[in-house]
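Student: I've got the sequence and the model open side by side. Can we talk through what holds it together?

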Amino acid sequence: MKKLLSGNEAIGYGAYLAGCGYGVGYPGTPSTEILQSYSTYPGVHAEWATNEKVALDVATGISYAGERVFCTMKHVGLNVAADSLFSIVFTGPRGGLVVAVADDPGMHSSQNEQDTRQYGRFAKLPVVEPGDSAEGAEFMRAAFELSEQFKTPVIMRSVTRLSHSRTPLEVMDELVPLHAAHETVKYDRAPSQQIPLPMNARRMHREVEQKMLDISAWAEDCELNRIEPGGSRLGIVASGIAYQYAREVFPDATFLKLGLAYPLPNDLFHTLAGMVDQVVVVEELDPIYEHNIRLLGIPARGKDIFPLCGEFSTELVREHALAAGLIEARVPVSTSGAPIVINGLPEDAAAAVSGGAGDAGDTAGDGNGNGGGDLALLDPATLPGRPPMLCPGCAHRPIFYVLQRLRAMVFGDIGCYTLGAAPPLNATHTCGAMGAGIGVVHGTDLVGVKDRTVAVIGDSTFFHGGLPPLVNIAYNKGVSTVIVLDNRITAMTGHQANPGTGHTMMGEESPTVSIEAVARAFGFSKVDTLDPYDLDEVRRVLKDHLDSTEPSVVVARYNCVLQTKERNAAPHVDLELCNNCGTCLNIGCAPIINRGDHVEIDDILCNGCDYCVTVCPRDAIVSNRTDGGEE
Amino acid sequence: MALEKIDFVLAGVGGQGTILASDILVEVGLEAGYDVKKSEVHGMAQRGGGVESQVRWGEKVYSATVEKGEVDFLLGFEMLEVARWIDFLKPGGDVIVNRYRIPPPPVNMGVAKYPDESEIQRLLLTRAGRLVWVGATDVARELGNAALSGVVLLGVLASDLGMEHDLWLGVIERLVPERFVALNREAFSRGTAIGAEMLV
């Protein structure tokens with residue numbers, strides 16, 4: 001049957017279709033749903049590893065034992081796994097090994113944008129890139145075959161717009177369970193191929209370079225690359241999601257659609273060049289195809305037309321193609337007659353038609369934008385933004401609120417709690433790679449910075465990259481304080497289990513790690529646990545830790561309310577008491593609305609955590625919780 | 001005869017139900033025989049941030065994302081969020097907007113002003129051929145659940161598109177948990193009734 005699957009769901013489905021019995025990954029937007037989708041198919045085994053490098057090492061073991069396996073992560077996760085990736089390229093997998101990586105051009109939810117296709121040349125392995133969900137599933141099978149035929153790991157590259165777009169494909173009506181190997185497997189020992197000691201590694205390097213040449217030759221007529229004949233004026237080279245935009249903008253051009261982003265088919269480029277007057281490369285992020293084509297002596301254009309930074313879109317490709325004279329401007333659509341407004345404000349409809357102004361009503365000026373009287377036409381680009389902020393009911397908020405009141409210098413990390421940096425909290429001051437904050441705070445403390453420095457890290461990030469820098473503080477006699485914001489789940493990416501959660505990805509119970517016990521085992525003797533909603537206690541403990549010269553750990557524990565679906569009745573505002581002093585607005589919670597002379601709580605968005613009730617100095621916000629609330 | 005392309009953008013605030021509404025729109029398009037693609041971006045901001053879904057119906061759709069100036073229908077779950085998308089509407093396109101405002105953080109912090117309804121209307125009319133204001137959240141609240149506002153808006157859209165209502169109701173029944181089906185049917189009918197009344 002035909003179904004719409006997201007790119008991520010399709011890649012997960014493709015792994016199952018390819019008979020791949022194992023999947024290992026670490027969550028990261030936009031890649032997360034690949035492994036989640038895969039884990040739902042019958043007979044598969046999927047695991048969330050503690051980080052991407054661990055995931056790839058586990059995958060390597062599965063492959064060495066002879067089974068097909070795939071590994072999932074976001075682009076920056078591949079940096080974490082890069083050491084292991086370079087290694088498995090040299091030793092080569094046994095069972096097919098595919099690393100599915102999702103890039104985030106435009107940085108919708110990432111700290112940088114990088115082009116994973118570059119890892120093809122850098123680490124010397126093939127990269128496949130699908131352009132829609134149907135290809136996502138199909139290319140997985142091809143990737144496994146490629147991996148086994150040439151004994152190399154293969155990268156399956158996606159991007160946000162592919163991962164999160166739903167496009168149709170044919171899926172099986174009935175799913176047949178995979179049977180992962182459960183019988184006793186004897187390891188086929190081959191140390192000369194699996195230990196890259198210099199004497200072996202020198203040989204392996206030559207083998208790897210030969211493989212790349214062989215795959216490049218194979219790429220000339222493989223099913224992943226194709227020429228789509230069209231007009232002879234323009235030849236477009238594109239892959240992935242950029243191909244779709246280019247198809248919209250150049251309906252009549254001849255296309256070389258690449259499904260293998262590395263290594264590249266040199267003869268196909270020459271063939272295309274021979275068919276058309278001009279070759280133009282439409283590629284998002286780095287000019288990889290363009291540089292390769294120009295090295296062949298073909299005068300291709302690319303980044304002189306299209307931008308190097310940021311995400312592409314159909315209109316971006318169209319605008320730049322138009323400016324470069326590649327296409328003609330479209331005839332503007334003319335509208336006939338006056339617009340019809342139904343159930344609107346009749347005076348203003350008239351004003352709009354006549355081009356005049358005349359703001360009837362709405363002149364009260366209630367502080368919420370109903371001031372009226374601004375006669376200029378609004379500019380959509382300068383409308384008040386709606387940036388992401390901590391969710392209503394998020395237990396990170398109380399910690400950041402107190403840190404802000406204590407004027408702490410906060411070294412943040414990657415996760416939901418990066419939003420502690422957002423106004424009005426403005427409570428985080430640095431952020432780097434996963435787990436970096438703990439190392440960075442130790443560095444600043446070494447120099448003698450004394451303005452209440454503290455590192456803040458979430459539970460999943462702690463298990464991912466927080467353990468080595470934490471033991472480093474204890475070992476090197478540091479003085480730093482580390483707060484672990486422990487909501488017992490990897491929340492940012494949509495609630496994936498981690499070693500603190502109590503169950504595995506497959507739903508089996510597993511031991512929960514005590515972060516406090518880990519800290520003590522590392523040598524910290526000052527370790528405290530907090531309920532974030534206990535304002536007085538949070539204030540007392542944080543002040544104590546931040547002013548102490550002893551290295552210390554605070555675990556602020558409260559389950560993510562979106563995960564547990566904890567929700568209570570929204571409080572209401574006593575208009576007699578509220579004087580809009582602004583205290584509750586400073587906690588940065590979206591449902592608290594500034595009405596000029598008072599605040600109001602939006603009961604659709606509110607989660608009923610009652611933290612605004614706690615902080616209100618006039619008792620003007622009244623709890624409606626039936627469970628007695630906090631305490 | 002080739003099917004004509006129809007592009008939709010649904011814009012609102014996280015937690016308002018734009019995703020479910022766009023899922024319904026996708027399935028209706030498929031059942032009506034279109035090639036369909038849908039794009040949405042998630043990750044940051046589970047609740048309270050701006051969210052948008054883009055749905056494209058056509059004989060053959062390449063890009064899952066819509067192009068500026070080409071969108072046929074703009075569905076606004078929140079007044080400010082729909083205003084943000086006006087440049088994507090094709091001249092003369094339709095805008096169906098929920099008369100509901102959720103002031104964003106800069107407004108609550110007093111550093112920006114939420115535009116007046118009249119200002120938003122004037123902006124929308126720079127491109128809209130038809131602008132329909134709907135008290136969808138009010139209707140949904142009457143039905144006992146504010147999250148139904150998206151299905152009310154879909155009801156108005158169904159009337160506007162002039163498509164068979166049973167096609168929509170069938171999809172809603174498939175996608176919504178069983179215990180909510182009756183409520184969702186009711187919300188859809190309230191939307192089609194508003195649409196029918198307005199769009200004569």
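Student: Which residues have the most contacts inside the largest nonpolar core?
Tutor: Keep in mind that this is a predicted model. The largest nonpolar core has 240 residues. Those with the most contacts inside that core are Met156(A) and Leu153(B).

Student: What does Leu153(B) touch, not counting residues up to four places away in sequence?
Tutor: Contact here takes C-beta atoms within 7 Å. On that basis, the list for Leu153(B) includes Asn98(B) and Gly191(B).

Student: Among contacts in chain B between residues at least 6 apart in sequence, how many join residues at least 24 apart?
Tutor: Chain B has eight helices and six strands, and they run β-α-β-β-β-α-β-α-α-β-α-α-α-α along the sequence. Of the contacts in chain B between residues at least 6 apart, the share joining residues at least 24 apart is 66%.

Student: Why does the radius of gyration of chain B agree with a compact globule?
Tutor: The C-alpha atoms of chain B fill a box of roughly 50 × 40 × 35 Å along the principal axes, and 63% of its 200 residues count as buried. A compact globule with 200 residues would have a radius of gyration near 16 Å, so chain B agrees, at 16 Å.

Student: Over in chain A, how many residues does domain 2 give to the contact with domain 1?
Tutor: The domain assignment puts domain 1 at 2-219 and domain 2 at 225-323 of chain A, with C-alpha centres 26 Å apart. Domain 1 of chain A gives 24 residues to the contact, and domain 2 of chain A gives 20 residues.

Methods:
Residues are numbered from 1 along each chain as its sequence is written. Chains are lettered from A and ligands numbered from 1 in the order in which they are written. This is a predicted model: local features need pLDDT of at least 70, side-chain atom pairs count only at pLDDT 80 or more; totals for chains, interfaces and linings use all residues. Helices (H or I, at least four residues) and strands (E, at least two) are DSSP runs, numbered from the N terminus. The radius of gyration is taken over C-alpha atoms; the globule rule is 2.2 Å times the number of residues to the power 0.38. A residue is buried if 20 or more other C-beta atoms lie within 10 Å of its own, exposed if 12 or fewer, and partly exposed in between; C-beta atoms are placed from the backbone. Two residues are in contact if their C-beta atoms, placed from the backbone, lie within 7 Å. A nonpolar core is a set of buried Ala, Val, Leu, Ile, Met, Phe, Trp, Tyr and Cys residues joined through C-beta atoms within 7 Å. Domain bounds come from an automatic or database domain assignment.
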